[in-house]
Amino acid sequence: MAVTEIRETIETSVSLDGNGLGIVQKRINLQSGARHQIFQMDMFQDAIPETDSDNLIIEWFVTPYPVIYSTMALTPLRNSRGPMAGDDKVLMKSIWTSYDLTKYGTFTDFPNQFLGAQPTFSFYTPALYVTGLVHGAAAASVTNLAFSFYVACENKKASLVSYGLGVLRERSIAQGINLMSQGRTIPPSGNVGQIFPMWKYGGMRPERMLRGNALADFFLPYSSTDSEKMLSTGNVRGYLSRGRTMQPFDTAFGSNDAVKGQIPDWVRFDLNPGLVSGPIRPQQPPRKLADNGNTLMF
């Protein structure tokens, strides 16, 4: 097990295209046939960029494969943003904004500086790509772009199978996502009672009590594996079906039967499996043997 400390710099100028996008990239080669785990990662702005663009925004990525930008919007006026920080192929993402000629930009990192100072993500691809997506005005020029990067990476020899599968997976997930739509939207009116039925009603849900004043209305299972019948199978299954009856959100679980009285939902707990899945056999089927002693299969 060896830890590799990498210090790299990017210092260049970039001309933005007609959509206000420029790309800066650098590749770092790593040991092949090994599993790499990020120990620490940091970046530093060495100079204030010079540009004729307002609201300059830079997205920085550290990934095992090159970053492919998408058609999704970064801001209402800036399109072609990079992958999300939660994407599996992103080891680090940082967005730098609020540039002017007198001060350094502000930034947000993922993972944050606390998490970035301890082991985080692992990967197998023997390379790291540092990519900057520069967003600004159309056809603008950005000069004096200077950043430094630090990566501490642990390299551990991996088997050929795990290494090959890891590289294949990372190559697969590195394919660009042009447009993403995730998550489920819930209207406020549809959220009421969707998870906790009593949220709308308030308080505890009422309960039913099983009547115990007649032998035919009461039974107790001895154990979950006991095959002795306390009531007839059909009678017990009648309890079970009524105990599973659907009820409104403000009504007790179970049901009210005209003959059996109140049937709570807990009657179905800890029952013999035969009561639910099928009739109980009084004994195992008799074995029939052939003349040579083999069991006959029917």
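Good morning. Please keep in mind throughout that the model is predicted.

Let us stay with S3 for a moment. S3 also pairs with S10 in the antiparallel sense, over 11 bridges. Within that pairing, Phe44 has Ser148 in S10 as its bridge partner. For those new to the subject, strands of a sheet pair through backbone hydrogen bonds, and the pairing may be parallel or antiparallel.

I turn now to the open sheet. How many strands does the open sheet have, and in what order do they stand? There are 5 strands, in the order S2-S9-S5-S6-S7, and their pairing is antiparallel. At the edges stand S2 and strand S7 (106-110); each has a single partner strand, so one side of each is left without a neighbour in the sheet. On average, neighbouring strands of this sheet are turned by 15° against each other, with direction ignored.

Inside this sheet, S5 and strand S9 (residues 127-135) are joined in the antiparallel sense over 7 bridges. One of the residue pairs to look for is Ile58 with Val134, the latter being its bridge partner in S9.

Which residues touch the most other members of the largest nonpolar core? They are Ile58, Trp60, Leu128, Val134, Leu145 and Phe147, in a core of 28 residues. The largest share comes from S10, with 6 residues. As a general remark, nonpolar side chains in soluble globular proteins tend to be buried together.Next come the salt bridges, of which the structure holds 5. I shall describe three of them.

In one, the side chains of Lys26 and Glu8 meet, with 2.9 Å from N to O. This pair links distant parts of the chain: Lys26 is in strand S2 (residues 21-29) and Glu8 is in strand S1 (residues 2-15), 18 residues apart. Are these two residues buried, exposed or partly exposed? Lys26 has a relative accessibility of 29% and counts as partly exposed. Glu8, with a relative accessible area of 22%, is also partly exposed.

Another salt bridge joins Arg169 and Asp88, whose closest N and O atoms are 3.0 Å apart. Here too, distant parts of the chain are linked: Arg169 lies in helix H1 (residues 160-173), while Asp88 lies in the loop between strand S5 (57-63) and strand S6 (92-97), 81 residues apart. Arg169 is partly exposed, at a relative accessible area of 44%, whereas Asp88 is exposed, at 53%.

In a further salt bridge, the side chains of Arg242 and Asp257 meet at 2.7 Å, N to O. Arg242 is in helix H4 (residues 233-243) and Asp257 is in strand S11 (residues 255-257), so the pair ties together parts that are 15 residues apart in sequence. Which of the two partners is buried, and which is partly exposed? Asp257 counts as buried, because its relative accessibility is 16% and buried means under 20%. Arg242, at 29%, is partly exposed.

We return to helix H1 for a feature of the surface. Val161, Leu165 and Leu168 form a nonpolar patch there, with about 330 Å² of accessible area together. Val161 has its place in helix H1 and counts as exposed, at 60% relative accessibility.

Two backbone details also deserve attention. Ala139 has a positive phi of about 60°, although it is not a glycine. Ala139 is placed in the loop between S9 and S10, and it is exposed, with a relative accessible area of 60%. Asn144, likewise not a glycine, has a positive phi of about 55°. Its place is in strand S10, and at 30% relative accessibility Asn144 counts as partly exposed.

What separates the C-alpha atoms of Ala2 and His36? The separation is 9.8 Å, for residues that are 34 apart along the chain.

Thank you for your attention.

Technical notes: Residues numbered from 1 in each chain as written. Predicted model: local features only at pLDDT ≥ 70, side-chain atom pairs only at ≥ 80, totals over all residues. Heavy atoms only, no water. Salt bridge = Lys/Arg side-chain N within 4 Å of Asp/Glu carboxyl O. Helix = DSSP H or I, 4+ residues; strand = E, 2+ residues; numbered from the N terminus. Buried < 20%, exposed > 50% of the residue type's maximum accessible area, 1.4 Å probe, protein only. Pairing = 2+ DSSP bridges. Axes fitted to C-alpha atoms, helices over the stretch in contact; angles between N-to-C directions. Patch = residues over 30% accessible without salt bridge, like charges linked within 9 Å, V, L, I, M, F, W, Y side chains within 5 Å. Areas by Shrake-Rupley, 256 points an atom, 1.4 Å probe, with all protein chains shown as cover. Core = buried A, V, L, I, M, F, W, Y, C linked by side-chain atoms within 4.5 Å.
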